[in-house]
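User: I am new to reading protein structures and would like to look closely at a single part of this one. Please take me through it slowly, in connected sentences.

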Amino acid sequence: MPTKTIPILETKRLVLRGPEPEDYPNFKATFASYRSHFMGGPLNAYETWMLYAAEIGHWNIRGYGMWMIHDKETDETLGMAGGWFPAKWPEREIAWIIWPDKAGHGYALEATHAVRRYFYNELGWDGAVSYIDPKNLDSIRLAERLGAVKDKSAPSVDGHDVVYRHPAPDALASSQIGDAIE
């Protein structure tokens, strides 16, 4: 039974809701795959379980976290998008991951735009960053499509990532980025 009510977000094609036990197999498969290389993986079964538990616990500790991305028509789980701010991280992050066999359909862009809008409009965030492995060209392209720019002066998590700074709410509202994504 969840101890924190996680809001449900909807986009044109997607429903974003909190992680549930039935979502774990896809999460586990992804973090055992090549795609997790950019996020500290591949992970063994114990490490994957601990990370999934942390994803759920993050909602209770911070009041926000990662949503599971579901196809609105089929309810199939496609990946995750949301906020992440573990202890000792320099700033709040907007993060995403799409299951390897679901990539290339714009799900991450659509979902991440929705969660950023939620953080800005509902939680009052004044900005956010995304910490990205410099070899993860797909995520760098996505960050740039979201209007984020590389911030060379921002502290990184571990010195091996690059920081992409998302536009502040005012800058985003006065740009074409949001309209173009919608």
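User: Which backbone nitrogen lies 2.9 Å from a polar atom of the side chain of D71, and what surrounds that part of the chain?

Analyst: The model is a predicted one, and in it the backbone nitrogen of T74 lies 2.9 Å from a polar atom of the D71 side chain. The side chain of D71 also reaches the backbone nitrogen of E73, at 2.7 Å. D71 itself has its place in strand β3, and although D71 is buried, it has no salt bridge. The nearest side chain of opposite charge belongs to R13, which is 6.9 Å away, whereas a salt bridge needs a side-chain nitrogen of Lys or Arg within 4 Å of a carboxyl oxygen of Asp or Glu.

From here we can turn to the hairpin. Strand β3, which covers residues 66–71, runs antiparallel to β4 and is joined to it by 5 bridges. Between these two strands the hairpin has 5 residues, and in this hairpin D75 takes a positive phi near 70°.

The next strand along, β4, spans residues 77–84 and is mostly covered, since 8 of its 8 residues are buried. On its other pairing, β4 meets strand β5 (residues 93–98), again in the antiparallel sense, over 6 bridges.

Notes
Residues are numbered from 1 along each chain as its sequence is written. This is a predicted model: local features need pLDDT of at least 70, side-chain atom pairs count only at pLDDT 80 or more; totals for chains, interfaces and linings use all residues. Side-chain values use heavy atoms; hydrogens and water are left out. Buried means under 20% relative accessible area, exposed over 50%, partly exposed in between (1.4 Å probe, protein chains only). Helices (H or I, at least four residues) and strands (E, at least two) are DSSP runs, numbered from the N terminus. Two strands pair if DSSP finds at least two bridges between them. Lys and Arg count as positive and Asp and Glu as negative; His and the chain ends are not counted. A polar contact is a pair of N or O atoms within 3.5 Å; within protein, one must be able to donate a hydrogen and the other to accept it, and residues adjacent in sequence count only if both atoms are side-chain atoms.
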